[in-house]
Amino acid sequence: MLQLKNIHKTYKTGDLDVTALKNVSLSFRDHEFVSILGPSGCGKTTFLNSLTKLYDITSGEILVNGEPVDLKKHNVAYIFQEYSTMPWLKVEENIRFGLELKKLPEKEIQDRANRVIQMVGLNVKTYNN
């Protein structure tokens, strides 16, 4: 279960404090499919970047199964709307990228990458070029 409790995110822009998220509280159950919708500038990207720890929240808590989110322990990620692959990397290298950032053991990285490649029906030898 994923829980967000009173998430608040404020940016400093010059002399201005901009509130991107204000007291956001949500809960998501395991295996639940969720879409985040809203107009441009309403905080969707800030929300997702905070969830995945790309941004530090100003206040509040993000919990996975009752524990503070830890990217080395919990699988928390999202899919960007825009293209997010790095064209200079091969398919498998793109898949491995986030796992390597987490500094997971090589065997686990390779196993997960192989599962994803199989899941989407790719033949890495064919699509790596």
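## Elements and overall form

Helices (H or I, at least four residues) and strands (E, at least two) are DSSP runs, numbered from the N terminus. By that rule the protein has four helices and four strands, and from the N terminus on these elements follow the order β-β-α-β-β-α-α-α. This is a predicted model, in which local features need pLDDT of at least 70 and side-chain atom pairs count only at pLDDT 80 or more, while totals for chains, interfaces and linings use all residues. Residues are numbered from 1 along each chain as its sequence is written, and side-chain values use heavy atoms, with hydrogens and water left out.

The C-alpha trace spans about 50 × 35 × 25 Å along its principal axes. Contact means heavy atoms within 4.5 Å, and of the contacts between residues at least 6 apart in sequence, 48% join residues at least 24 apart.

## Buried residues and the core

A residue is called buried under 20% relative accessible area, exposed over 50%, and partly exposed in between (1.4 Å probe, protein chains only). Buried residues make up 28% of the 129 residues in the protein.

A nonpolar core is a set of buried Ala, Val, Leu, Ile, Met, Phe, Trp, Tyr and Cys residues joined through side-chain atoms within 4.5 Å. The largest such core has 14 residues, and those with the most contacts inside it are Leu2, Leu4, Ile7, Phe47, Leu51 and Ile62. Two or more residues come to this core from each of strand 1 (2-13), strand 2 (16-28), helix 1 (44-51) and strand 3 (59-64).

## Ile62 and Val69

Leaving aside residues up to four places away in sequence, Ile62 touches several residues, including Leu2, Leu4, Ile7, Leu51 and Val69.

Val69 lies in the loop between strand 4 (67-68) and helix 2 (91-101), and Val69 counts as buried because its relative accessible area is 9%.

## The surface

Accessible areas come from the Shrake-Rupley method with a 1.4 Å probe, and for residues only the protein chains shown count as cover. The protein exposes about 9700 Å², of which carbon and sulfur atoms supply 54%.

Val116 has its place in helix 3 (residues 106-119), and Val116 counts as partly exposed because its relative accessibility is 33%.
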